[in-house]
Amino acid sequence: MFRSLASVDYRIWFIGALVSNIGAWMQATAQSWVVLTELTDNDALAVGITMALQFAPQLLLVPVTGLIADRFERRKILMFTQSALMLLGLALGLLLILGHAELWHLYVFAGLLGIVNAVDIPARQTFVADLVSSSNMSNAVALNSASFNAARMIGPALAGVLIVLVGTGWVFVINAVTFIAVLVALAKLRRSNLRRMPRAPRERGAFVAGFRYVAGRPDLVVVFVMVFLVGAFGMNFPIFSSTMAVEFGRGAGEYGLLSSILAIGSLTGALLAAKRERARIRVIIGAVAFFGIAATVSAVMPSYWLFAASTVFIGFTVVTMLTTANGYVQTTTDPLLRGRVMALYMAILSGGTPIGAPIVGAVANAWGPRWALGVAAAAAGVAALVGLAWLVVARGLRVVRHPIGGRMPRFALAYAEAPTAAIAVPVTRPVELPTTSTSPIDLVAPTTSVEVPEAAPVDVPEGRHTAARRPAGTTATTRARPATQRSGA
């Protein structure tokens with residue numbers, strides 16, 4: 001489960017990111033609370049607008065930010081973006097402490113935060129590829145999610161206490177201080193140990209190459225559609241938590257506690273994802289379906305504590321979906337395009353918020369927060385149906401009788417013969433080839449190096465074996481294929 005932590009550099013990054021994530025969750029909690037209760041009169045729409053301004057740049061700037069992550073050294077990108085985020089948090093914190101903050105200040109802050117995050121997130125998401133081997137990438141992605149959600153357990157609850165004790169402004173200042181941890185971690189990473197991933201060449205069409213790549217991968221399109229629907233209408237937790245806290249007559253402390261309780265399920269989902277050898281689409285579809293059920297149950301809870309308990313299942317299902325989707329996209333994407341594809345993925349995930357958050361906020365204002373949760377449940381239901389329809393049409397999913405008989409008929413899921421949905425990703429590695437010599441000694445101790453592709457794990461349709469699809473005359477040492485020979489689902 002924790003095999004990626006065997007890397008010293010990854011451990012350094014993991015610890016620094018955990019401290020910074022705690023501060024980020026403190027700030028996110030304080031931001032929603034100050035807009036809802038201090039700068040407006042419980043206006044959920046204003047919270048939705050703030051979220052929209054924060055996430056819109058990730059959608060608008062996706063062609064540029066993805067190319068930045070592919071073309072430049074990610075460590076340097078993160079040093080710049082993390083420093084900028086620290087200064088933004090400090091500036092808004094001082095405005096709040098001095099009593100000069102107005103609603104438009106929060107809107108400007110959210111917009112600037114979104115612009116910096118638009119550059120930061122693709123680089124941060126793909127930075128794990130520089131720290132761990134390709135075989136450990138899925139595990140590292142899941143552990144990153146575990147770190148993020150462990151911080152979610154601590155940050156919001158701590159923010160709720162600090163808001164009561166010292167005020168919201170100091171929460172932003174404390175968040176600015178936590179960025180020192182991640183900046184120190186980046187400085188301590190040994191550059192000689194970082195994996196040299198291929199950089200995107202300067203060529204025409206580089207901006208849209210990620211779009212073309214995704215368009216040619218129907219499996220990625222399905223994943224992106226599901227993530228968009230849940231991200232736009234289902235992942236508006238600041239709106240759900242703040243308005244439900246007000247609905248039950250609770251204050252800032254109980255509001256912060258809701259986010260921490262939700263994170264219990266989120267952390268559990270991330271740790272279970274770390275145990276899986278590889279990410280599968282069917283896990284994403286199942287998690288989306290169960291998220292819809294969990295949101296429906298939460299919407300009808302009659303008391304604060306029952307609602308709080310139900311959010312554990314919301315956190316579990318949504319993080320299972322996100323961690324699996326993130327791992328699937330990263331491990332099945334060409335390394336030359338990984339930054340641009342991940343930028344597009346994060347834009348789809350977060351960029352849906354400008355569409356969904358104002359709608360969910362308006363529904364909460366008009367009919368109450370329970371109906372807003374109903375919108376989330378309906379979106380998840382549609383997303384699950386999209387994924388299921390793709391399995392039926394593209395993978396030939398069907399229900400068959402279980403081959404083991406018994407008194408009661410047993411059934412199982414089976415797939416028709418179909419191309420694999422996950423593409424083997426070539427990662428170049430040095431392989432020694434013999435020089436021109438007939439000596440057996442020369443063949444054992446070669447001296448010439450060339451680069452050949454190394455295949456990453458492939459998502460093989462259930463019931464099939466990779467050996468069954470191996471062309472005649474090939475062996476296990478010659479199965480890797482260049483990028484030009486990969487085929488989509």
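Predicted model: local features only at pLDDT ≥ 70, side-chain atom pairs only at ≥ 80, totals over all residues.
Biologist: What do the side chains of Arg-124 and Asp-120 meet in?

Modeller: A salt bridge. The N to O distance is 2.7 Å.

Biologist: Is Asp-120 buried or exposed?

Modeller: Asp-120 is buried, because its relative accessibility is 0%.

Biologist: And how does Arg-124 count?

Modeller: Arg-124 has 25% relative accessibility, so it counts as partly exposed.

Biologist: How many salt bridges does a search of the whole structure find?

Modeller: Four. Among them is the one between Arg-217 and Asp-219, at 2.8 Å from N to O.

Biologist: Are Arg-217 and Asp-219 buried or exposed?

Modeller: Both Arg-217 and Asp-219 are buried.

Biologist: Which residue does Glu-73 meet in a salt bridge?

Modeller: Lys-76. The N to O distance for that pair is 3.8 Å.

Biologist: Back to helix 5. How do the axes of helix 2 and helix 5 cross?

Modeller: Helix 2 covers residues 44-60 and helix 5 covers residues 103-126. Their axes come within 6 Å and cross at roughly 30°. Angles under 35 degrees count as roughly parallel, so helix 2 is roughly parallel to helix 5.

Biologist: Is the crossing left-handed or right-handed?

Modeller: Helix 2 passes helix 5 in a right-handed crossing.

Biologist: Which residues make the contact?

Modeller: From helix 2, Ala-46, Ile-49, Thr-50, Leu-53, Gln-54, Pro-57 and Gln-58. From helix 5, the list includes Leu-106, Tyr-107, Ala-110, Gly-111, Leu-113 and Gly-114. Ile-115, Asn-117, Ala-118 and Ile-121 of helix 5 also take part.

Biologist: How do the residues of that contact divide into nonpolar, polar and charged?

Modeller: Eleven are nonpolar and six are polar.

Biologist: Now the whole protein. How many helices and strands does the secondary structure come to?

Modeller: 18 helices and four strands.

Biologist: What share of the residues counts as buried?

Modeller: 52% of the 489 residues.

Biologist: And the contacts with a separation of 6 or more? What share comes from residues 24 or more positions apart?

Modeller: Residues 24 or more positions apart account for 82% of those contacts.

Definitions and conventions: Residues numbered from 1 in each chain as written. Heavy atoms only, no water. Axes fitted to C-alpha atoms, helices over the stretch in contact; angles between N-to-C directions. Helix = DSSP H or I, 4+ residues; strand = E, 2+ residues; numbered from the N terminus. Parallel < 35°, antiparallel > 145°, perpendicular 65-115°, else oblique. Left-handed = near helix turned anticlockwise from the far one by under 90°. Contact = heavy atoms within 4.5 Å. Nonpolar A, V, L, I, M, F, W, Y, C, P; charged D, E, K, R; others polar. Buried < 20%, exposed > 50% of the residue type's maximum accessible area, 1.4 Å probe, protein only.
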